[in-house]
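Please examine the sequence and the model below before reading the numbered points.

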Amino acid sequence: MPSLLVKNIDHLATFDDTRGELTNGAILVRDNIIEAVGTSGELAHLQADETLDLSGHIVMPGMVNTHHHMYQNLTRVMVQDDELLVWLKTLYPIWSELDDDAIGISARVAMAELIHSGCTTSSDHLYILPNNCTLDATIDAARDIGLRFHAARGAMSRGESQGGLPPDRCVEKEDAILLDAERLIGRYHDNSRHSMSRIILAPCSPFSVTPDLMREAAKLARKHTGVHLHSHLAEELFEEKYCHEIYGMRPVEFAESVGWLGPDVWFAHSIFMTSEEIDRFAETGTGVAHCPSANMRCGQGIAKIREMLDKGVKVGLGVDGSASNDTSNMFMEARLAMMLQRVAPHHYLSEKPGGRGGFGGTPKALSARESLEMATRGGAALLGRDDIGYLAPGMSADFIAVKLNQLGLSGTQRDPLAALVMCGPFKVDYSFINGREIVRKGEFTGFDVEAAMSAHEGVMNRIYRQ
């Protein structure tokens, strides 16, 4: 098996169980697995087929994106100043023109953007599949570019005529949804360690599917080892009102009623949750994908991330769709996650020793390292992975390097790891995924970004004409 010794790393942040940070660090990779981590001196006696000198760089685990809608980069910067309900009703008709070509090229552009911003593993929640679209197009895109990928088979089955939000032409029959989900699991789901492809079942939201689909999706997922469940929940007040009117309960109660709490489940957003509901997530092992950029862009609110973390809820980061975030940048998401918690009105924190009381925020709400931990170990936990999220022997060889000698990092020698969040966002200088060099000196080694962008523009013009 080929081996690689990465040495002379100025600052190596492992995020391992000791949260070790090494000066003059080194990593030995054999094939797609990390074999050793230490200082360059400690690993100097080891032989490797190749060596890479990363003097002047900081290295950390690749980040894990736990919530995205990649196709939405075809409709960026639209509906700029309206609430989510208006945003959705405006964009549904445009998205109804999607086809496999649009799905595939938008995924490639989104994945390239994610990789450039430090992501090495991503999920994608594809919940609108008109015109015979399939998840296969996104899985093919991930294989082409080299991204570790969890494809979420989303779905909408409850159209306007049945009391749901999406137009009827954007929904699918529930039997067909479940049959396709079974097909995808059989064809693409690989639950082995270091796998590059897994399938998630992901009915879209309480206002776009029926309780029957939620129940049947959960039953199907739990028949297959490692198939997790994902959806939106407690994202908007109109969703809370909908659940009260249609189901006579709050969104979290609804989720529990259809079997959707547990260690194999995580939800996007989860903004409007009580302390008791957060306790319930912690008790059941249910996780949350925090998407601060989209929540701010759409004026939704601030999720209680500090309280969730303190109570033991699994929390990861998600960039969300590129029509509600308008970018796919994990460094930016980590930065905004930290900043947003610091301005949040934390009644919970105000009751603790040292709390400031009232409605004021506190700079102690979330640290730079905690934010990066959500982006690495936290995301891995949501996806049910024990092989990514930190750097240690036996882990997948997914790591990124950022050049320290650049204008935005000047003066950060005291703490270059915190600087990645506090001074960002940045692009990676190197990215290794599953032991493969995907980015070298800031450029993709096997992916034509210019060609992808040109194709993307063509698709965008085809599906949307003003």
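1. Against which elements do the buried residues of α5 pack? The buried residues of α5 pack against β8 (148–155), α4, β9 (197–203), β10 (228–233), α6 (237–247) and α7 (251–257). Contact here means heavy atoms within 4.5 Å. In α5, the buried residues are P211, L213, M214, A217, A218, L220 and A221. Buried means under 20% relative accessible area, exposed over 50%, and partly exposed in between, with a 1.4 Å probe and protein chains only. Helices (H or I, at least four residues) and strands (E, at least two) are DSSP runs, numbered from the N terminus.

2. On the basis of the model: this is a predicted model, in which local features need pLDDT of at least 70 and side-chain atom pairs count only at pLDDT 80 or more, while totals for chains, interfaces and linings use all residues. Residues are numbered from 1 along each chain as its sequence is written, and side-chain values use heavy atoms, with hydrogens and water left out.

3. The axes of α4 (residues 174–188) and α5 (residues 211–221) come within 11 Å and cross at roughly 20°. Axes are lines fitted to C-alpha atoms, for helices over the stretch in contact, and angles run from 0 to 180 degrees between N-to-C directions. The two helices α4 and α5 are therefore roughly parallel to each other. Angles under 35 degrees count as roughly parallel, over 145 as roughly antiparallel, 65 to 115 as roughly perpendicular and the rest as oblique.

4. On the α4 side, E174, I177, L178, A181, E182 and I185 meet D212, L213, E216, A217 and L220 of α5. By class, this contact of α4 with α5 has 7 nonpolar, no polar and 4 charged residues. Ala, Val, Leu, Ile, Met, Phe, Trp, Tyr, Cys and Pro count as nonpolar, Asp, Glu, Lys and Arg as charged, and the others, Gly among them, as polar.

5. In α2, D101, A102, I105, S106 and V109 meet A452, A455, H456, V459 and R462 in α15. The residues of this contact divide into 6 nonpolar, 2 polar and 2 charged.

6. The structure holds 11 aromatic pairs. Rings of Phe, Tyr and Trp (its six-membered ring) pair if their centres lie within 6.5 Å; planes under 30 degrees apart count as stacked, over 60 as edge-to-face and the rest as tilted. One of the pairs, Y71 with Y127, is edge-to-face, at 6.0 Å centre to centre and 80° between the planes. Y71 lies in the loop between β6 (63–65) and α1 (84–95) and Y127 in the loop between β7 (119–126) and α3 (136–145), so the pair ties together parts that are 56 residues apart in sequence. Y71 is buried, with a relative accessible area of 2%, and Y127 is buried at 4%.

7. Y247 and F254 form a stacked pair, 4.3 Å centre to centre with 15° between the planes. Both Y247 and F254 are buried. F207, F238, Y242, Y247 and F254 form one aromatic cluster.

8. Two loop residues deserve a look. S270, in the loop between β11 (265–269) and α8 (275–284), has a positive phi near 50° although it is a residue other than glycine. D320, in the loop between β13 (314–317) and α11 (330–343), has a positive phi near 65°.
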